[in-house]
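Please keep the sequence and the structure in view while reading.

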Amino acid sequence: MEKAPTKKELTRQRMLVAVGQGFRSSGYAGVGVDGIAKAAGATSGAFYAHFGSKDGAFDAALAAGLDEVIDAIPAFQHEHGTKWVAAFADYYLGTPHRNDLENGCAMATLSPEVVRAGPDVHAAYEKKMILISTLIAEGLAGGTEDTRRARAWVFLSTLIGGLTITRASKSSKTATEIATATRAAAIAAAGKTRKV
């Protein structure tokens with residue numbers, strides 16, 4: 001029987017959700033500690049007790065956001081078999097995901113923030129992104145391990161770039177046009193798939 005989470009654990013979970021949503025929707029500079037704490041229904045003191053600093057909160061939000069992708073890829077592979085690449089691209093570039101900035105993919109929203117961060121954040125980010133590309137490559141068929149990994153990186157980069165541009169576009173018509181083109185390019189880059 002699983003033990004119920006403590007009040008402290010529940011507060012941390014709420015704060016982690018608020019931190020992730022805040023950084024994803026407003027960027028590192030656009031969100032403050034007080035705002036995050038308020039969104040989580042907690043105090044600024046509780047924020048510092050859980051994360052130590054705004055940088056600590058960003059590190060936690062980044063790790064949690066990338067872990068969502070690490071969990072999602074095998075789920076898509078299991079659920080959709082050899083059609084998983086198309087299913088993932090459809091979800092990733094679909095209108096609901098495009099329009100949900102604060103709950104959307106951390107790869108698209110937080111990568112630009114990582115660029116401006118220190119070497120420890122770069123290292124943590126790189127480690128998780130390598131794992132993500134490895135999971136993608138495991139669902140691809142044909143070629144060598146190195147070529148599958150290269151295809152995985154192109155698939156991933158195409159989706160992230162395409163999503164970013166669709167979100168920056170003013171009209172839904174242009175966003176849809178970009179998403180359609182990006183989907184085709186990403187699926188082509190991934191190439192043959194296999195059941196995992």
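Predicted model: local features only at pLDDT ≥ 70, side-chain atom pairs only at ≥ 80, totals over all residues.

Is D67 buried, exposed or partly exposed? With a relative accessible area of 29%, D67 counts as partly exposed.

## Helix α7 and its surroundings

Helix α7 spans residues 106–115, and because eight of its ten residues are buried, it is largely enclosed by the rest of the structure. The buried positions are A106, M107, A108, T109, L110, S111, E113 and V114. These residues pack against five helices, namely α1 (7–26), α4 (54–80), α5 (84–93), α8 (119–138) and α9 (145–168).

## The crossing of α7 and α9

Two packed helices are described by the angle between their axes and the distance between the axes. For α7 and α9, the axes come within 9 Å and cross at roughly 85°, and the two helices are therefore roughly perpendicular to each other. On the α7 side the contact is made by M107, A108 and T109, while α9 contributes L156, I160, L163, T164 and R167. Sorted by class, the residues in this contact of α7 with α9 are five nonpolar, two polar and one charged.

Leaving aside neighbours within four places in sequence, I160 is in contact with Y92, M107, A108 and M129. Between I160 and A108, the C-alpha to C-alpha distance is 5.3 Å, although the two residues are 52 residues apart in sequence.

In soluble globular proteins, nonpolar side chains tend to be buried together. In this model the largest nonpolar core has 53 residues, and those with the most contacts inside it are F23, F47, Y92, M107, I132, I136 and F155. The helix that gives the most to this core is α4, with ten residues.

When neighbours within four places in sequence are left aside, M107 is in contact with L66, V69, Y92, M129, I132, L156 and I160.

## Salt bridges

The structure holds four salt bridges, and three of them are described here. In one of these, the side chains of E68 and R24 meet with an N to O distance of 3.3 Å. This pair links distant parts of the chain, with E68 in helix α4 and R24 in helix α1, 44 residues apart. At 44% relative accessibility E68 counts as partly exposed, whereas R24, with a relative accessible area of 7%, is buried. Beyond this partner, and not counting residues up to four places away in sequence, R24 touches a further set of residues that includes G65, L101, E102, N103, G104 and C105, together with A106, T109 and L110.

D67, the residue of the opening question, forms a salt bridge with K128, the closest N and O atoms being 2.6 Å apart. This pair also links distant parts of the chain, with K128 in helix α8 and D67 in helix α4, 61 residues apart. K128 is partly exposed, with a relative accessible area of 22%, and D67 is likewise partly exposed, at 29%.

A further salt bridge joins the side chains of R116 and E113, with an N to O distance of 3.6 Å. R116 counts as exposed at 61% relative accessibility, while E113 counts as buried at 15%.

## T166 in α9

What does T166 touch, apart from residues up to four places away in sequence? T166 is located in helix α9, and at 4% relative accessibility T166 counts as buried. With those sequence neighbours not counted, T166 touches R98, A175, I178 and A179.

Technical notes:
Residues numbered from 1 in each chain as written. Heavy atoms only, no water. Buried < 20%, exposed > 50% of the residue type's maximum accessible area, 1.4 Å probe, protein only. Helix = DSSP H or I, 4+ residues; strand = E, 2+ residues; numbered from the N terminus. Contact = heavy atoms within 4.5 Å. Axes fitted to C-alpha atoms, helices over the stretch in contact; angles between N-to-C directions. Parallel < 35°, antiparallel > 145°, perpendicular 65-115°, else oblique. Nonpolar A, V, L, I, M, F, W, Y, C, P; charged D, E, K, R; others polar. Core = buried A, V, L, I, M, F, W, Y, C linked by side-chain atoms within 4.5 Å.
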